[in-house]
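Here are my notes for your read-through. Keep the structure open beside them and check each point as you go.

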Amino acid sequence: MNNTFSNGLSQDYVDRVLQSFFKKEMPDPWPPVSVPVHKAAGPHSWFQTYGRLALVACVALILISYLSLAAMFPAAPVPGLALDRYRTIGSKLSPKQRVLTPRGAEALVWDETIPGERPTIIIHALEIKGPQKR
Amino acid sequence: MKSRPKTDPRRAEFDDIYQRHTREVWALAYARWLNAEVALDIMQEAFLRLWKQWQEGGEILNPRAWLLRVARNLAEDYAKSAFRRNGTQPPQTMNGVKGRDILPLDKMEQEETFGELRKQLNQLAPADREILTLRYGLDYNANQIAEILDINSTAVHMRLSRARQRLADRLTDHGASPLS
């Protein structure tokens, strides 16, 4: 068995040097295991336990309040003829009347009274568009 | 109300893993840097990460493989950051051989030998250093090394033989006597 390397260096020597080198390098004594110490988990505070629940309840309360308030105001105009879209707040509207124009077209007419020292009366006329006749 | 002391069920498992694999993790980090202190830091960081991972509920199927991989990555990161900071290796990597209680003359000779050995080990490829550290540092046999490096034992013998030959060549080139 050949106990030397190709360059003539003794294998035993290399083994010996390496063993003693690494032995010297190894920490001695070996450090004990160390992990971060966690504080023992104590009883949770009320907020920790019910915090999320409270948050959900608050959001629900806000939502319910919003919907309740919204229900107290008139709903959006019904689809179709949006006649009151530009109505002045506080004004009074007369009942709408269906009339015929001099040219024979159908129209809705109503008036709007805006109260004040000098009340303003606006007369609205809206042609009802039907299928065009030739 | 009766209170029972709370013990972390994973702590015992963690201690066990530490006892079994801490030297392997150290060895891989050491092989990369050839610095025992840095290797200790990396080893401890790797185990700390394992602990944190467990604390956060992470499931690790093979803690040994996980630790070795993390240690390798940390060693690489450390190498890069150290290089950025210093531009070269710190002087203690080349010279620092801690003394033990031996005669001053022997100590001098040993320090000189080890200093040269460290220098030449440092010139080897990381894979060579790794296999030499596992063989001579941990005194692992071919099968144990094969398991860590995920290669077969024939490849271990081959790599080990080549690494030793390369080291011997370097030592001879730098003054080691062929008859030593």
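1. Start with a pair of residues. A:V109 stands opposite A:A125 in β4(A). Strand β3 (residues 106–114) of chain A and strand β4 (residues 120–127) of chain A are joined by 8 bridges. The two strands run antiparallel. A hairpin of 5 residues links β3(A) to β4(A). Bear in mind that this is a predicted model.

2. Now look at β2. Strand β2 (residues 97–100) of chain A pairs with β3(A) over 4 bridges, again in the antiparallel sense. Here A:R98 stands opposite A:L108 in β3(A). The hairpin of β2(A) and β3(A) has 5 residues between the strands. Within that hairpin, A:G104 takes a positive phi near 95°.

3. Strand β1 (residues 92–93) of chain A also pairs with β3(A). There are 2 bridges, and the strands run antiparallel. A:K92 stands opposite A:T113 in β3(A).

4. Turn to the helix. Helix α1 of chain A covers residues 11–25, which is 15 residues. At 1.5 Å a residue, α1(A) should span 21 Å; the end C-alpha atoms are 21 Å apart, so the two values agree.

5. Which residues of α1(A) are buried? They are A:V14, A:V17, A:F22 and A:E25. Seen down the axis of α1(A), the buried residues fall within an arc of 120°, so they line one face of the helix.

6. Last, the contact between chains. On chain A, 23 residues are in contact with 29 residues of chain B. The chain A side divides into 15 nonpolar, 6 polar and 2 charged residues.

Note on methods
Residues are numbered from 1 along each chain as its sequence is written. Chains are lettered from A and ligands numbered from 1 in the order in which they are written. This is a predicted model: local features need pLDDT of at least 70, side-chain atom pairs count only at pLDDT 80 or more; totals for chains, interfaces and linings use all residues. Two residues are in contact if their C-beta atoms, placed from the backbone, lie within 7 Å. Ala, Val, Leu, Ile, Met, Phe, Trp, Tyr, Cys and Pro count as nonpolar, Asp, Glu, Lys and Arg as charged, and the others, Gly among them, as polar. The expected span of a helix is 1.5 Å times one less than its number of residues. A residue is buried if 20 or more other C-beta atoms lie within 10 Å of its own, exposed if 12 or fewer, and partly exposed in between; C-beta atoms are placed from the backbone. The arc is that of the directions from the helix axis to the C-beta atoms. Two strands pair if DSSP finds at least two bridges between them.
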